[in-house]
Amino acid sequence: MVTLIPGDVTVGGVRLQNHCILAAGVLGTTGASLARMLQSGAGGVVTKSIGPEPKEGHHGPCVAVLDGAVMNAMGLPNPSKEFTGELDGLRGKPVIASIFGGTPEEFGEVADWFAGRVQALELNLSCPHAEGYGAAVGADPDMVEQCTRMAKHTGLPVWVKLTPNVTDITEIGLAAERGGADAIVAVNTVKAMRISTHFRRPMLGNGMGGLSGPAIFPVAVRCVWELYESCEIPIIGCGGVSSADNVVEMMMAGASAVEIGSAVVDDVAIFRQISENLYRQDGGECPENIVGCAHA
Amino acid sequence: MVTLIPGDVTVGGVRLQNHCILAAGVLGTTGASLARMLQSGAGGVVTKSIGPEPKEGHHGPCVAVLDGAVMNAMGLPNPSKEFTGELDGLRGKPVIASIFGGTPEEFGEVADWFAGRVQALELNLSCPHAEGYGAAVGADPDMVEQCTRMAKHTGLPVWVKLTPNVTDITEIGLAAERGGADAIVAVNTVKAMRISTHFRRPMLGNGMGGLSGPAIFPVAVRCVWELYESCEIPIIGCGGVSSADNVVEMMMAGASAVEIGSAVVDDVAIFRQISENLYRQDGGECPENIVGCAHA
Amino acid sequence: MHEIPSVPVTITDIIEESPSIRTFVFSRRFPAEPGHFCMVWVPGTDEIPMGFCAQNAITVQKVGDATETLFTLSRGDEIGIKGPLGNGFSPTGKTLAVGGGVGAVPLRLLATSGAADDFILGARTAADLLYREELSRCTNLQCATDDGTYGHHGFVTDLLRTADPAMYDTICVCGPEVMMKAVLAILIDAGCPEKGQFSLHRYMKCGVGICGSCCIDPTGLRVCRDGPVFTGDILENSELGAYARDASGRRKSF
Amino acid sequence: MHEIPSVPVTITDIIEESPSIRTFVFSRRFPAEPGHFCMVWVPGTDEIPMGFCAQNAITVQKVGDATETLFTLSRGDEIGIKGPLGNGFSPTGKTLAVGGGVGAVPLRLLATSGAADDFILGARTAADLLYREELSRCTNLQCATDDGTYGHHGFVTDLLRTADPAMYDTICVCGPEVMMKAVLAILIDAGCPEKGQFSLHRYMKCGVGICGSCCIDPTGLRVCRDGPVFTGDILENSELGAYARDASGRRKSF
Ligand SMILES: Cc1cc2nc3c(=O)[nH]c(=O)nc-3n(C[C@H](O)[C@H](O)[C@H](O)COP(=O)(O)OP(=O)(O)OC[C@H]3O[C@@H](n4cnc5c(N)ncnc54)[C@H](O)[C@@H]3O)c2cc1C
Ligand SMILES: Cc1cc2nc3c(=O)[nH]c(=O)nc-3n(C[C@H](O)[C@H](O)[C@H](O)COP(=O)(O)OP(=O)(O)OC[C@H]3O[C@@H](n4cnc5c(N)ncnc54)[C@H](O)[C@@H]3O)c2cc1C
Ligand SMILES: Cc1cc2nc3c(=O)[nH]c(=O)nc-3n(C[C@H](O)[C@H](O)[C@H](O)COP(=O)(O)O)c2cc1C
Ligand SMILES: Cc1cc2nc3c(=O)[nH]c(=O)nc-3n(C[C@H](O)[C@H](O)[C@H](O)COP(=O)(O)O)c2cc1C
Ligand code: FES
Ligand code: FES
């Protein structure tokens, strides 16, 4: 297996403890949980997506664990501005605040709350199951560009998280780049649905949901590959990563780092596990030589 | 488990022996293979996609079997017009010819070869890995409408097979409907890539490929659901179906029948197997009551 | 990653424990051990966490939307059960159970499995003392009611104080947050918080350890997966009894 | 649906069998039985089917792009092996192997596994008689060359006719299509086509039974999955020896 030389990495303006970041919305509702994930080996952590108003989220079932995949429709539950208090114990740590809004102005408003409290912002322009938010905004290149620009006013590095549920993801990636993004995160969940044949209704309370986990890994690798071919800014691969080899594969497709979410269902110690297999002082390769190397 | 009353079904102008149809490009290169699949219990069969010129397809590897998924980049290999000879032994059988082209005119030309030889045409407007064909055409509603209209000139029923790799699949479904389609087939493969970390290059000769099999089932169910909400013509569900319960789930999402491809990797007798579990003379429900029932 | 299905079950019996508490017995047994819970899918309404009071039953207090819908169901109706989930109790040696209100639910399975020697059961009033007869058959049961209508007039903590925690190897606790906080204080006083195994309730959206809505301060542990049962030493100086987060993640004081 | 990986192997040895035929030995053994094949990934070029001549080796005749690239490889270079694939031979009782040209490849594993009593090996000329010495050690070997440079001057079918098919329970055959067709004709004449087990070659794109490019007429059976080995009775009145389809699916006569 390909292994990497261990060490800090800086991606999209954030100094990370390693290449594996906790993905948004997964164990990111409280400061304590984020701190725990950092202690358990995450190289950085992204918070639950925070929006302009508190939201309770969709009715349950919110999550269905399938064979080789997770499907969720949380509905962006979040405490809004109050969440900033969760970050008090995390000053200086590699924490990235995920934020969302329905308009560039809302993005700007929420972004401001986090100035000075986190290392970067991640714009959730990609949640596939929240009316008027997420992918509803993120499928439109102009909106993506404007939202990015608004968030940049904070002075914080801005990562833009893309939805794979578009005809051409590179168009959206280029829009983020034009807006001044420091990195692209690819991808959020794939729009999906399962139906309980017994109950004759969708398995999730919301009907539609987002697919994550191993099932979408080939889709995420493809998106990273396409973005690497067309964008200049660093890419953070996300979707279905669950092993050190998956991390390497994402990097070879063009990712400078990865985010990991669903894999915590199998084991909350996934970050430590992956690091143990991913890094070798002896025999490890220089990460820079791995990023995008499959494009050669 | 929900079971159905057995019996012939007519969908999109074609009388099928049961609800499960062999999907395009899977064991559909020769007449003998199509006949074999009909004998092994397929309710109907779709041919390999046939285009205006013979094509050898992409270099290998063309197929990668993954955990819970298949990834392929065949590159639409086909003998073109010569293929019509394969159908000589299949007159009157529920055979649907899959065709493709780069323009509406090419679709019209290829469609004409099949008049009188098959029960319907399926337009491949959705293959994600063939430059200038398939999804390259099928992501554009106008093109879809025109290609459908051209194929309709044959007088044959026309099924339009959609790609899930678009921002809004209902737009494309509505375009097919406007063009006069008799049914929509949803969906073709999901654009994907895997990389061999050992060889540092994509696993498929073509780089990009299309994902099929169980991994995409939740995506296909979602597409069928969305189309059922917006289109009037029947929908044929395709993507990851591998059990009788999957068939019922697709139908509850809105499919009047299903196509099955990748599941033959596990067992070429999959059609017989599914039928044995799907149909019950006693206790089976009327299929019409199942189609779309989860939308209630 | 393997499927965690929501298994459809048919309600075979409904036992009215009190006007606002019912036990729903269903058609299928789950391999639940004491302290395990399930996510109950009430189709069309919500999915909510409930302890197993038996391998084929849950006991539900009507408090809101989903529990109200549950109360409209009759024998023959169906719900979905996802579970068993969580870590459960791990009693060793002489074991005391301390339950208050619907907190008795997971302790019932502990008692019927023979793991609880003694049981202290509390409620507001006599009619709310859950499973009283059954528990008295399989444990040495003491009761307390706030209004004195049955047993000790006062709180379970009064009985616990006289019982001497030092006598037990394990003390399994479930009940209202203030009660659990008080029990923990007693154990801390007695110098043995680690003997206490507290089954916590927090807002749960997924139940499988992915969403983070049920995490507690300051450890960040997930009640649904690392819990719901935590030993007292882990809960010392925690949010227990002070606050909990609601569906949106905002803190609400008790 | 489980992964069918293309396993990277290192070439540890290259044996020049003839100017256009080489055996590549690799670093890893696969659980291949006689008649199994693999898809060989020549990174950057193609993936092509090759029989296993041993559990850790293939023998390749240079005929085009991918095989030419294989010939440029040296010890230490790597290829991907997906397999074992296909059904393989299933010899019972007294067994004869009949191989022509590179058709000897899968029969070698049959012979070295001890399953072949007698072996008829044919080639154009002496230098092309594959594995001659090795086969003579583990079977009763007879050779035929078209040009008479070694053994019988003529075809393997001449030797087969004198050998009397009736003496054998199984006759495993692999070689050029015309040869196999001729062998089948002999077996049909002798009234025992079902004794013949023929390993076929057809254009293979997937190797795992999904694409349909290797299907034969009139049965529609897949050479890659239902085969590559078929008994003679199944091949009677088939396309064998008459035509095969190319990469596009067009029929080409032999
Ligand atoms: C591990 C665990 C085991 C439980 N076991 C039992 C039990 O055996 N019997 C019983 O009656 N109750 C039990 N509960 C509490 C039960 O989950 C709530 O009473 C129920 O969810 C209320 O739902 P509702 O829609 O009727 O109420 P709502 O109107 O939605 O809310 C009423 C209150 O119930 C609580 N609640 C609502 N939804 C949830 C949720 N998803 N997760 C946690 N709390 C929620 C909140 O405190 C809320 O304020 C348990 C809770 C947990 C976490
Ligand atoms: C089951 C099976 C086992 C085989 N075992 C051996 C073996 O042990 N040793 C050996 O030398 N050869 C074997 N072959 C033949 C071998 O696969 C071809 O010689 C090889 O694929 C040629 O590839 P190329 O790119 O060099 O030739 P190309 O230039 O691509 O084509 C030359 C000819 O090779 C054949 N061919 C090309 N690609 C394929 C393909 N994907 N599948 C089948 N045939 C193809 C065609 O007849 C073609 O006309 C086997 C074939 C099959 C089907
Ligand atoms: C339960 C759950 C909640 C999520 N919430 C968010 C969210 O709030 N914001 C966001 O941008 N992505 C959210 N996601 C998407 C993940 O961050 C990630 O993009 C996706 O799950 C793919 O990665 P994975 O396969 O590693 O999980 C959520 C995913 C899950 C499973
Ligand atoms: C090997 C292979 C070849 C395919 N070839 C075609 C094709 O020629 N035309 C087409 O429309 N779809 C083609 N498809 C897509 C399938 O018809 C089907 O839409 C897809 O595989 C999803 O269904 P499944 O999950 O049941 O396989 C092919 C799929 C596979 C796996
Ligand atoms: S309820 Fe989701 S992590 Fe506990
Ligand atoms: S090569 Fe694809 S089915 Fe045989």
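Is C:Trp41 buried or exposed? C:Trp41 counts as buried, at 4% relative accessibility. The model is predicted.

**Ligand 3**

- Ligand 3 lies between chains A and C.
- The shell around ligand 3 holds 23 residues, and the closest are A:Ser49, A:Lys161, A:Gly213, A:Gly240 and A:Ser262.
- By class, the shell divides into nine nonpolar, twelve polar and two charged residues.
- Oxygen atoms of the ligand lie 3.0 Å from a side-chain N or O atom of A:Lys48 and 2.7 Å from a backbone N or O atom of A:Gly213.
- A nitrogen atom of ligand 3 is 3.1 Å from a side-chain N or O atom of A:Asn124.
- Ligand 3 taken alone exposes 600 Å², of which the protein buries 98%.

**Aromatic pairs**

- Over all chains, the whole structure has ten aromatic pairs.
- One of them joins A:Phe199 and C:Trp41 edge-to-face, at 5.1 Å centre to centre and 70° between the planes.
- This pair crosses between chains, from the loop between strands E12 and E13 of chain A to strand E3 of chain C.
- A:Phe199 is buried, at 14% relative accessible area.
- C:Phe24 and C:Phe71 also form an edge-to-face pair, with 6.2 Å between centres and 70° between planes.
- C:Phe24 is in strand E2 and C:Phe71 in helix H1 of chain C, so their pair ties together parts 47 residues apart in sequence.
- C:Phe24 is buried at 0% relative accessible area, and C:Phe71 is buried at 8%.
- C:Phe26, C:Phe30 and C:Phe52 are linked into a cluster by ring pairs.

**Charges over rings**

- C:Arg108 places its charged end over the ring of C:Tyr131, 4.8 Å from the ring centre.
- The charged end of C:Arg132 sits over the ring of C:Tyr150, at 3.9 Å from its centre.

Conventions:
Residues numbered from 1 in each chain as written. Chains lettered and ligands numbered in written order. Predicted model: local features only at pLDDT ≥ 70, side-chain atom pairs only at ≥ 80, totals over all residues. Heavy atoms only, no water. Near = heavy atom within 4 Å. Polar contact = N/O pair within 3.5 Å; in protein donor to acceptor, adjacent residues only side chain to side chain. Areas by Shrake-Rupley, 256 points an atom, 1.4 Å probe, with all protein chains shown as cover. Nonpolar A, V, L, I, M, F, W, Y, C, P; charged D, E, K, R; others polar. Phe/Tyr/Trp six-rings, centres within 6.5 Å; stacked < 30°, edge-to-face > 60°. Helix = DSSP H or I, 4+ residues; strand = E, 2+ residues; numbered from the N terminus. Buried < 20%, exposed > 50% of the residue type's maximum accessible area, 1.4 Å probe, protein only. Lys NZ or Arg CZ within 6 Å of the ring centre and 35° of its normal.
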